[in-house]
Amino acid sequence: MKFMFVTEYFPPYVMGGAEISLKILVDTLIKNGHKVIVLTPNYGSFKTIIEKKDDLKIIRFRSFRYFLFKKREKTSYEVYNKTKPMFYVLLNQYIKYSTYEIRIRVKKILKNEKFDVIHANNMESILAVGPINTPAKKIAHLRDFGLFCYNRGLNKSGSLCGGCSPTNLNTCMGAEGIINKVLERSMKKRINKSSVPSSFNFLIAISNFVKEKYIDVLHVDKNKIKVLYNPISDDISSKLSKKEARSLLKLPENKKIVLYAGSLTEAKGVYMLSDLSEKLKDHLFIVIGNGVLKELFLKKKQENLIYLGYLPISELKDYYRASDILLVPSLWHEPFGRVVLEGAYNGCYVIGSDRGGIPEVIDWLKCGVYTTPSVENFVSEITGFKEDKLKKQNLEEYNYYEKFMELLE
């Protein structure tokens, strides 16, 4: 079969789990004899570059995104935190341009090539591919809630939001008056233009939680959404034993280690690690990641709290292996929670929040527990942890490629 994947980012440019999952799928398709074209903006230079290897062609097209990416000194969260409503007014314009840019490129390719499947990997790709008429089977991958939620996580001050209504817009970002109306109108246009229910052959949701929200908010036919959990690759697994990992990383052998890995934002609940480390002096807490709350950990001088900044998965996987517990204290409703998958695969016992897709993934992997996110609840679960709960998850039975191909039948 011949596939075209349309995506805002593709490795080495990675914004999150969407790109990691797509790379695994593309590699597996090539390995199984399929032909693949990946269409994505070029963030490395202001020109179009085509990379070819065997049956894979990556078209990194010239885009003004390059200048935004190159000069990006602040995270989007920092900008959002300062500007809020106006940030999203401007972001809407950017998304319109980006969507148009991607759509033009897709149409140009379709003039010369035919595909069996066209796969839109995330929001802007879905908005771009939706209106295009083609005999190819069109698939939209639903990885978050961006098609009907500005913050893409249905996060209304920690509670679950029902979408961008005027009331919710005011509560979430303080939008009032004309700005509120502009944002509401723009969201309605986004929903209409995406044409998700009608313009795609079917939709793939990364969890049942995501599927349910699209059914609730956009009233998508439940039979048109298929659930496919995110994949994992062998290179994400540490080859070391726990003892070897601790020796390599110079970590103590006689302490229980609690690991946090992810963005350092309030929505991720990472600030609780600071309080937990003070309450549980006999545990060692390791924080890995980057974000607006990094100063909290840079300034904190405490023997049982180590902050390491951002680490690539090639290094992070050994910290997973060295740890006893992976803490996932998210306050927002994670669509999936790839960190749970990575931690479990490396033998961590996962203690997560009961938000979004996190409980679903923990139950699927049988790798831990979840609770309402609070310092008190996490103290209880951490102190109640026993060594015999640790085990390396065996995901060999979960063949992502086979399950993906079954959806195409």
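Modeller: We shall discuss the sheet, then some helices, and finally a loop residue.

Modeller: This is a predicted model, in which local features need pLDDT of at least 70 and side-chain atom pairs count only at pLDDT 80 or more, while totals for chains, interfaces and linings use all residues. Residues are numbered from 1 along each chain as its sequence is written, and side-chain values use heavy atoms, with hydrogens and water left out.

Biologist: In what order do the 8 strands of the open sheet lie?

Modeller: Strands of a sheet pair through backbone hydrogen bonds, either parallel or antiparallel. Helices (H or I, at least four residues) and strands (E, at least two) are DSSP runs, numbered from the N terminus, and two strands pair if DSSP finds at least two bridges between them. Here the order is β3-β4-β2-β1-β5-β6-β9-β10, with mixed pairing. β3 (49-53) and β10 (225-227) each have a single partner strand, so one side of each of these edge strands is left without a neighbour in the sheet. On average, neighbouring strands are turned by 20° against each other, direction ignored.

Biologist: In which sense do β1 and β2 pair?

Modeller: Strand β1 (residues 2-6) pairs with strand β2 (residues 35-41) in the parallel sense, over 5 bridges. Phe3, for instance, has Val36 in β2 as its bridge partner.

Biologist: Which strands does helix α4 lie across?

Modeller: Axes are lines fitted to C-alpha atoms, for helices over the stretch in contact, and angles run from 0 to 180 degrees between N-to-C directions. Helix α4 (residues 85-112) lies across β1, β2, β4 (56-61) and β5 (117-120), and runs at about 165° to β1. Helix α9 (residues 208-218) lies across β6 (137-142), β9 (202-205) and β10, at about 165° to β10.

Biologist: How is the packing of α13 and α14 described?

Modeller: Two packed helices are described by the angle between their axes and the distance between the axes. Helix α13 (residues 313-322) packs on α14 at an angle of about 60°, with the axes 8 Å apart. α13 and α14 are therefore oblique to each other; angles under 35 degrees count as roughly parallel, over 145 as roughly antiparallel, 65 to 115 as roughly perpendicular and the rest as oblique. Ile313, Leu316, Tyr320 and Arg321 of α13 make the contact with Val339, Glu342, Gly343 and Tyr345 of α14, where contact means heavy atoms within 4.5 Å.

Biologist: At what angle do the axes of α14 and α15 cross?

Modeller: These axes cross at roughly 25° and come within 9 Å, and α14 and α15 are therefore roughly parallel to each other. Val340, Leu341 and Ala344 in α14 meet Ile358, Val361, Ile362, Trp364 and Leu365 in α15.

Biologist: Why is helix α15 described as largely enclosed?

Modeller: Buried means under 20% relative accessible area, exposed over 50%, and partly exposed in between (1.4 Å probe, protein chains only). In helix α15 (residues 358-365), 6 of the 8 residues are buried, so the rest of the structure largely encloses this helix. The buried residues are Ile358, Pro359, Glu360, Val361, Ile362 and Leu365. Their cover includes α9, β14 (325-328), α14 (338-345), β15 (349-353) and β16 (368-371).

Biologist: Where does Thr134 lie?

Modeller: Thr134 is in the loop between α5 (123-129) and β6. Its relative accessible area is 23%, so Thr134 is partly exposed. Leaving aside neighbours within four places in sequence, Thr134 is in contact with Leu110 and Ile118.
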